[in-house]
Amino acid sequence: QVQLVESGGGLVQAGGSLRLSCAASGRTFSRNAMAWFRQAPGKERNFVAYISWSGGTTYYADSVKGRFTISRDNAKNTVYLQINSLKPEDTAVYYCATSATPVSGTTYAARAASYDYWGQGTQVTVSS
């Protein structure tokens with residue numbers, strides 16, 4: 001069993017920045033990919049960013065490219081999401097996810113169904 005705990009969300013003005021963290025514990029999979037998704041009220045959960053186990057491969061949703069940066073520290077079993085130049089449309093609950101099996105390639109990386117474990121989410125609210 002893997003537990004994922006997100007933190008770092010909050011209320012921020014448009015143009016501001018936040019750094020989200022996701023700490024993994026339990027049966028951790030330091031050699032597996034991790035990802036961030038987000039879900040706005042009344043909408044489906046959408047892919048935000050992916051990082052391979054080594055950190056050498058990253059993917060981003062088009063809507064966040066150039067503003068969001070995903071990174072990881074395997075020694076701490078933690079993945080981060082630096083989010084800059086926040087926009088009101090970034091308002092959502094942000095979830096981290098990981099998988100018990102390898103996830104690679106942009107198609108599979110962006111699918112929520114590719115991931116087995118999810119955190120409880122952290123709320124990001126951007127005011128205009």
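## Salt bridges in a predicted model

D62 and K65 form a salt bridge, with their closest N and O atoms 3.1 Å apart. Both residues are exposed. Keep in mind that the structure is a predicted model.

How many salt bridges are there? The count comes to three. Here they are, pair by pair.

| Salt bridge | Closest N and O atoms |
|---|---|
| D62 and K65 | 3.1 Å |
| R38 and D90 | 2.9 Å |
| D90 and R67 | 2.7 Å |

Take R38 and D90 next. Their closest N and O atoms lie 2.9 Å apart. Where do R38 and D90 sit in the chain? R38 is in strand β4, residues 34-39. D90 is in the loop between β8 (78-83) and β9 (92-98).

Now D90 and R67. This salt bridge has its closest N and O atoms 2.7 Å apart.

Are R38 and D90 buried or exposed? Both are buried. D90 has a relative accessibility of 1%. The cut-off for buried is under 20% relative accessible area, so D90 counts as buried. R67 is buried too, with a relative accessible area of 10%.

Which residues do shared partners join into one network? They are R38, R67 and D90. D90 pairs with R38 and also with R67.

Terms used. Residues are numbered from 1 along each chain as its sequence is written. This is a predicted model: local features need pLDDT of at least 70, side-chain atom pairs count only at pLDDT 80 or more; totals for chains, interfaces and linings use all residues. Side-chain values use heavy atoms; hydrogens and water are left out. A salt bridge is a side-chain nitrogen of Lys or Arg within 4 Å of a carboxyl oxygen of Asp or Glu. Helices (H or I, at least four residues) and strands (E, at least two) are DSSP runs, numbered from the N terminus. Buried means under 20% relative accessible area, exposed over 50%, partly exposed in between (1.4 Å probe, protein chains only).
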